[in-house]
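Here is a short briefing to read alongside the model. Please keep the viewer open as you go through the points.

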Amino acid sequence: MASTEGFLTEEQRETLKIATQNAEVLSSSPKSPTSLLSEHYLKVPAGGKAPNVGIAVRHVRRSHSGKLVRVKKDGAGGKGTWGKLLDTDVESHIDRNDPNYDSGEEPYQLVGATISDPLDDYKKAVASIIEEYFSTGDVEVAASDLRELGSSEYHPYFIKRLVSMAMDRHDKEKEMASVLLSALYADVISPDQIRDGFVILLESADDLAVDILDAVDILALFVARAVVDDILPPAFLTRAKKTLPAASKGFQVIQTAEKSYLSAPHHAELVERRWGGSTHITVEEVKKKIADLLREYVESGDAFEACRCIRELGVSFFHHEVVKRALVLAMEIRTAEPLILKLLKEAAEEGLISSSQMAKGFARLEESLDDLALDIPSARNLFQSIVPVAISEGWLDASFMKSLGEDGRVQQEDEKVKRYKEEVVTIIHEYFLSDDIPELIRSLEDLGAPEFNPIFLKKVITLAMDRKNREKEMASVLLSALHIEIFSTEDIVNGFVMLLESAEDTALDILDASNELALFLARAVIDDVLAPLNLEEISSKLPPNCSGSETVRVARSLIAARHAGERLLRCWGGGTGWAVEDAKDKIMKLLEEYESGGVVSEACQCIRDLGMPFFNHEVVKKALVMAMEKKNDRMLDLLQECFSEGLITTNQMTKGFTRIKDGLDDLALDIPNAKEKFTFYVEYARKKGWLLPAFGSCVADASPLPAVAT
């Protein structure tokens with residue numbers, strides 16, 4: 001090299017000088033080349049050695065001025081470089097003041113954008129869905145929102161988010177979370193995703209315990225509840241323990257679930273009721289809040305604050321209770337009447353209390369005036385003075401007067417029906433106290449009014465709905481017994497039709513009436529009180545688009561659900577209904593023991609100890625099937641003894657034989673001579689007087705077997 005300033009030869013230096021002069025000549029063009037040699041250069045220290053920190057040596061060149069620049073690979077682009085051999089595109093300055101300026105020729109600029117994580121977006125979306133669900137309690141809306149969200153591969157994270165959010169809240173939200181998981185199971189979230197979601201929860205138990213002190217116990221209860229609700233298999237616990245470190249909180253969760261919850265006696269009922277067993281505010285709580293806010297209003301006179309409190313209750317369908325209690329308070333405290341009427345007027349004008357709710361409140365008070373008069377003698381006169389005022393001021397519909405008789409009373413029901421209702425209410429209350437089904441049946445038979453059987457059914461279910469799960473379970477068990485003993489299927493159907501027709505009125509006093517009616521209806525199908533086709537019959541008798549039709553639809557969905565039989569048999573907390581499944585096992589064991597040489601008296605005592613006389617038809621059915629299978633007619637001796645002692649009634653005998661008759665075709669697949677044997681048993685039963693005279697011919701073409709020694 002002749003020069004110490006760079007790596008260029010003299011010839012190259014001359015060529016570069018000419019190129020620079022040409023560039024200056026072209027500078028007047030609107031698209032003239034920019035100064036390629038003077039911008040963004042790197043200084044070269046004396047001696048011609050360029051610093052090479054962070055720059056690959058083979059990508060470094062020197063300009064004619066000896067300054068060091070970095071160029072792209074293969075020599076293309078870069079300041080102070082020639083570019084590729086055929087590179088004709090040169091960066092140019094665009095003058096926006098030039099008359100020929102074209103914005104389309106502006107160079108493109110890459111704008112940075114944040115790349116979102118789909119999982120993060122999913123977690124944010126489901127958090128919003130969960131918050132809304134905790135506020136509204138609407139399972140169907142939550143399921144619909146989750147379904148519309150898509151991204152089903154992330155559903156295990158929904159499980160984790162739902163449970164972890166509920167863990168840090170009240171028991172109400174914990175119960176709501178468990179209810180939602182059961183509702184989403186298999187329909188929206190697959191069983192595998194439910195399992196994976198709980199695995200994630202167990203793995204993160206150590207982190208949850210940092211913020212939630214009793215996280216281990218709460219999460220153990222969620223796991224136990226999932227097992228009880230059949231959304232997690234019991235084997236899940238064993239498998240999870242094998243994958244979790246023994247020192248982890250997740251391992252402790254599994255141990256707690258197994259030892260403290262799932263191993264306890266009556267654990268299903270214990271677990272289901274641990275968080276209160278209901279996601280809905282009770283009627284008693286609402287009534288107490290209404291009474292408190294009305295008392296505060298009478299003391300303060302602040303109508304605006306009172307309306308705000310009524311609105312915050314969030315029970316617009318129950319505002320008739322506000323009206324009724326407000327009017328009663330006005331009668332009790334005479335000086336408060338102007339304030340009460342002012343509040344009701346303002347609530348009506350604001351649209352807070354609808355006209356229908358206002359009318360229902362007045363109607364309910366009118367119906368209870370006789371009882372109210374015991375405490376407030378002038379109640380009827382006061383009521384009759386308030387009604388015209390309310391109508392004249394426009395906050396009570398004038399049509400309300402049309403529902404009253406000439407003396408201001410609602411037209412009286414038929415006296416016979418009224419007396420019947422009064423008597424059966426007493427009978428039902430006694431049953432709820434004694435749990436004595438035979439005594440109730442005798443009482444109904446003494447009334448001698450079988451045409452009112454549907455009214456009894458409506459009354460018993462209505463009274464049970466306003467009580468605890470024990471009474472609801474007792475009502476369902478009673479229906480099974482009545483259907484066998486004295487109620488026809490038509491009575492049951494008509495009773496449910498009456499219930500569903502008045503569902504809206506029932507909901508005025510019982511907030512969750514629609515769901516509970518659906519459970520009663522579905523339970524009746526599971527208990528063989530109704531056939532699935534009877535639901536169609538009930539639906540056809542209801543007015544179109546009424547709330548009762550929706551209740552029937554919900555009942556169908558409950559019956560069609562996974563493990564519907566087991567779930568519905570313990571829908572009221574696992575009482576006698578759950579014992580039905582256990583009773584079947586016990587009946588089979590006692591019959592097997594008797595068949596293998598047991599004593600008749602002991603077998604009868606075991607049947608008596610079951611304490612389920614309404615279910616003795618199952619004894620008859622299983623005894624006859626076993627006699628066919630074992631080819632041993634010793635079972636007939638047991639049935640004869642049970643009948644002689646009055647342990648198994650004629651109705652129960654007939655029901656058992658009827659069930660065998662209905663299943664003969666299936667039974668014949670395992671027992672080829674089932675029809676012949678059954679024909680013989682029917683003839684034997686008729687001779688002994690076991691069956692009702694109405695019991696029809698079983699198998700028209702079946703020939704009876706020769707007499708078998710018994």
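R556 counts as partly exposed, at 30% relative accessibility, and in this predicted model R556 forms a salt bridge with E536.

**Salt bridges**

- The structure holds 29 salt bridges, including the R556–E536 pair, whose closest N and O atoms are 3.4 Å apart.
- R556 sits in helix α27 (residues 547–560) and E536 in helix α26 (residues 532–540), so this contact ties together parts that are 20 residues apart in sequence.
- E536 is partly exposed as well, with a relative accessible area of 44%.
- R608 forms a salt bridge with E645, and here the closest N and O atoms are 2.7 Å apart.
- The R608–E645 pair links distant parts of the chain, 37 residues apart: R608 belongs to helix α30, while E645 is in the loop between α32 (634–644) and α33 (650–662).
- R608 is partly exposed, with a relative accessible area of 38%, and E645 also counts as partly exposed, at 39% relative accessibility.
- K622 forms a salt bridge with E618, with 3.2 Å between the closest N and O atoms.
- Both K622 and E618 lie in helix α31 (residues 616–630), four residues apart, which is about one turn of the helix.
- Are K622 and E618 buried or exposed? Both K622 and E618 are buried.

**The buried face of α30**

- Helix α30 spans residues 600–610, and its residues A603, C604, I607 and L610 are buried.
- Seen down the axis of α30, the buried residues fall within an arc of 110°, so they line one face of the helix.

**Cysteines**

- How many disulfides does the structure hold? There are zero disulfides in the structure.
- As a reminder, a disulfide is a covalent bond between the sulfur atoms of two cysteines.
- The cut-off used here for a disulfide is a pair of cysteine sulfur atoms within 2.5 Å.
- For C642, the closest cysteine sulfur is that of C604, 3.8 Å away, which is too far for a bond.
- C642 is buried, with a relative accessible area of 0%, and C604 in helix α30 is buried too.
- For C307, the closest cysteine sulfur is that of C309, and the 9.4 Å between the two sulfurs is too far for a bond.
- C307 is buried, with a relative accessible area of 1%.

**The cavity**

- A search of the whole structure finds one cavity of 30 Å³ or more.
- About 30 Å³ of space lies in the largest cavity.
- Which residues line the largest cavity? The lining is made up of I129, E132, Y133, T136, D138, V141, A142 and D145.
- Helices α2 (118–136) and α3 (139–149) each supply at least two residues of this lining.
- α2 gives the most to the lining of the largest cavity, with four residues.
- By class, the lining of the largest cavity has four nonpolar, one polar and three charged residues.

Definitions and conventions: Residues numbered from 1 in each chain as written. Predicted model: local features only at pLDDT ≥ 70, side-chain atom pairs only at ≥ 80, totals over all residues. Heavy atoms only, no water. Buried < 20%, exposed > 50% of the residue type's maximum accessible area, 1.4 Å probe, protein only. Arc of directions from axis to C-beta. 1 Å grid on protein atoms, 1.4 Å probe; cavity = no way out; pocket = protein on both sides within 12 Å on 5 of 7 lines; lining within 4 Å. Points joined across faces, edges and corners; volume = space filled by probe spheres on them. Nonpolar A, V, L, I, M, F, W, Y, C, P; charged D, E, K, R; others polar. Salt bridge = Lys/Arg side-chain N within 4 Å of Asp/Glu carboxyl O.
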